[in-house]
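Work through the exercises below with the structure in view. Try each task before reading its solution.

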Amino acid sequence: MVEKTKPESKSDSTGLGKRIIAALPKEATLIFIFILFCIVLSILTPRFFTVQNLRNLVRQTATIGVVSLGMTYVIISGGIDLSVGSVLAFAGISGALLMVGGTPIVLAVIVALALGALLGLVNGIAIHEGRVPPFVATLGMMTAARGLTMLVSGARMVTGLPRPFVQFAQLTIVGLPALFFVWLVLIIGSILVTQYSRFGRNVFAIGSNREAARLSGINIRFNTYGVYMVSGFMAAVGGMMMTSRLANGVPTAGQMYELDAIAAAVVGGASLMGGEGTIIGTVVGAMIIATIRNGGNLLGVNPFVLQVLIGVLVVVAVMVDQMNKGRSE
Amino acid sequence: MQHLVQMKSISKSFPGVQALDQVDFDLKPGQVHGLVGENGAGKSTLIKILMGAYKADAGQILLDGEEVEIRNPIEAKRLKLGAVYQDITLASELSVGENFFLGKLPRSLSGLVKWAKVHGETQTFLDELGIQVSSRSLVRRLSPAQQEMVTIAKIVYEGSRVVVFDEPTALLANEETEQLFGIIRRLRDAGTGIVYISHRLEEIFEICDTVTVLKDGQRVVTCPVGEIDSDTLVNRMVGRNLEDMFVRQTYQTAEDQVLLEVSALTRQPVFENISFKVHRGEVFGLFGLVGSGRTEIVRSLFGAEKPDTGSVSVEGTAVRITTPAAGIRHGIGLVPENRKEAGLATGLAVDFNINLASYDNISRLGFINGPAERRRADKYVKELRIKTPTVRQTVNKLSGGNQQKVVISKWLCRQSKVFIFDEPTTGVDVGAKVEIYRLLDELLQRGAAIVFISSYLPEIMGIADRILVIREGRSMGLVERPQFSEERLLRLASGLEAEAQTANSTA
């Protein structure tokens, strides 16, 4: 309170520690919180810091982690994509059906990913050409894609997937799950795209100020399409990862994933107002949420209590962010 | 006669500006009091103080001879002071009747709204005033002029004792203006006090009985309309010492190559048949009152809005104006009127904003050359003396003047040849203004051509080589620097003088 009432001076009144924290990027603070979390959990339960548990944790987080990456692009552009969970299921089922039908694995995966991007493109068209608010357009897609999934699968699990595909999820490379490496590649790719590509710059510009971006010659149409296609593609990758892990095509897969993905991005510092957000932030956000779940399970905390905690975390993360912003302005 | 309103020695200052300096203003019952002055003279500030939107720094307000304190618009309403502003203040998704009864819808005992009563009363009232609008229509479906008339009717319906009209005719056609005058006369005869603000001096002479001229926050004169003619009035409005801050180092003398040519540009109903040429090294002024269409003209030639017909060429090459991207490729850059809404990605960094329009120039295979981005940003921060701790600072933390420089840098970085400045010095302090003028000189020396919009006469007269005057979307005349005079430009802009000598006369 005392500090707040002081006039804004060039931080000479604040301590060194505070200055260092203020100078650190938001992501560093998040990583710090995450590490602290892990340390506390390791002390509380010996089962947390075991190879087996960490391997599981990473495997579980990878799918939602990939979906969150796509969500981050959308949120930075000032939009939202509620359809990712359904697109994930649709791509997962489509890929599974193709494989069961005898399509080579690689081809089936490519087609499934393309289908994900296609559904994303439909979102983009509805949003740009139809001027439908992203919330509504992707809400429609959420329902429609889930319906499509049920239609093509007859609402039944798709079984009998080729062995190599199923084994992929169990594969470890230098002790880490192969799924983790899929996530890692997409993380690195996304960092490069969001920070160093023209597309990334355009997405930030549109999210920050759409009109200024347009008047600076940025093509709003193609970039909107691009953002939702990336999100659809990432959801489809998630779908393939999940199908491999579950060893079956599951039509009800990915329910509520849209909310987890949004939560990961928001905890990671992305702003739903657009123009703000980082891939690293989202990755750490996803890991923090997954670790709370995992640690809670190990400690025997009631899963419903965990749900309450995660809900509170999302709101608190945004509150802290807003308070920091309010002070610096 | 007893005074209805007396405003005594009202002063009000904003950071860096004395908006009002001990201004007196009186209004009697049944008086129509005209308030005139240039943009920035203090008219709106005075009215906003009366309506409780601003608080005066000093002075007092008397109502019926008793001192009152009007702290907010709600109190103003309670004291029966009403105002019709330029912008529509109706709830657009509601019906006309609902707007009339907003916040006080009559309800029956069962709690249901008595719609018959709402619409019956509203309709009767509208009919009485001769306004042909149904009480049941949604406001959004009415034309802007109809909305304006409904707003006026609502204020009258509320039975205000004082009604302020702030540029009420900006959206109205002649017929509706006559109707408005009918309503004003009716109010006047019923003893209401009217304050009438307009740039259109002929209206002042038609409807007002008294007129007060404000200039630079001071009252110049108050007199009966019969004792003043329009020439004297214009003279009183503009007769100011020309500040020597509005000067460039050199003005263009010889005609250089034509950089920008606009011919017969039309976008109905906003503007029609606008043609002009801008030469290398020239500042071409576009002058007109607010709402004259000047902003829309430049937005169209840039590609921000599609014109119906007409053509634009840069250095003799025709531009297919469809999107801003096309205009930008041909070397046109727009420094828009509202820089925070349209000029800057405010939450992003200075280097990002400087490069915003030219990332295609410094990228390969879709990836950006980071060092080049940084180098360009550093270059313009240095050249334009942008005050920022680092190029990574977000632009919303910079001052208005520095933000404006970032927008200008964006086009320099893009190597634009034609710069359009739309009111570039609004919300910018005096020091930064001078710097922006100096920048114009630098741009010209680099071989640019500039289109400059301003509604502030001393500024545009000091900056421009030639000025095209726009009124209601039509060109009223092109004035060359030797013929510049405030009187002449104002007369053209307010329609007092017909088009005299001009190159583009078809209207």
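**Exercise 1.** State how many helices and strands chain A of this predicted model has, and decide whether the chain is as compact as a globular protein of its length.

Solution. Step 1: chain A contains 15 helices and two strands. Step 4: along the principal axes, the C-alpha atoms of chain A fill a box of roughly 70 × 55 × 35 Å.

**Exercise 2.** What percentage of the residues in chain A is buried, and what percentage of the contacts with a separation of 6 or more joins residues 24 or more positions apart?

Solution. Step 1: a residue counts as buried if 20 or more other C-beta atoms lie within 10 Å of its own. By this cut-off, 47% of the 329 residues in chain A are buried. Step 2: of the contacts in chain A with a separation of 6 or more, 78% are between residues 24 or more positions apart.

**Exercise 3.** Give the strand order of the six-stranded open sheet in chain B and find its edge strands.

Solution. Step 1: the order is β16-β19-β20-β13-β21-β22, with mixed pairing. Step 2: β16 (332–335) and β22 (474–480) of chain B each pair on one side only, which makes them the edge strands. Step 3: neighbouring strands of the sheet are turned by 20° against each other on average, direction ignored.

**Exercise 4.** In which direction do β13 and β20 of chain B run relative to each other, parallel or antiparallel?

Solution. Step 1: four bridges join β13 (residues 283–287) to β20 (residues 449–453) in chain B. Step 2: the two strands run parallel. Step 3: F284(B) has V451(B) as its bridge partner in β20(B).

Key:
Residues are numbered from 1 along each chain as its sequence is written. Chains are lettered from A and ligands numbered from 1 in the order in which they are written. This is a predicted model: local features need pLDDT of at least 70, side-chain atom pairs count only at pLDDT 80 or more; totals for chains, interfaces and linings use all residues. Two strands pair if DSSP finds at least two bridges between them. Axes are lines fitted to C-alpha atoms, for helices over the stretch in contact, and angles run from 0 to 180 degrees between N-to-C directions. The radius of gyration is taken over C-alpha atoms; the globule rule is 2.2 Å times the number of residues to the power 0.38. A residue is buried if 20 or more other C-beta atoms lie within 10 Å of its own, exposed if 12 or fewer, and partly exposed in between; C-beta atoms are placed from the backbone. Two residues are in contact if their C-beta atoms, placed from the backbone, lie within 7 Å.
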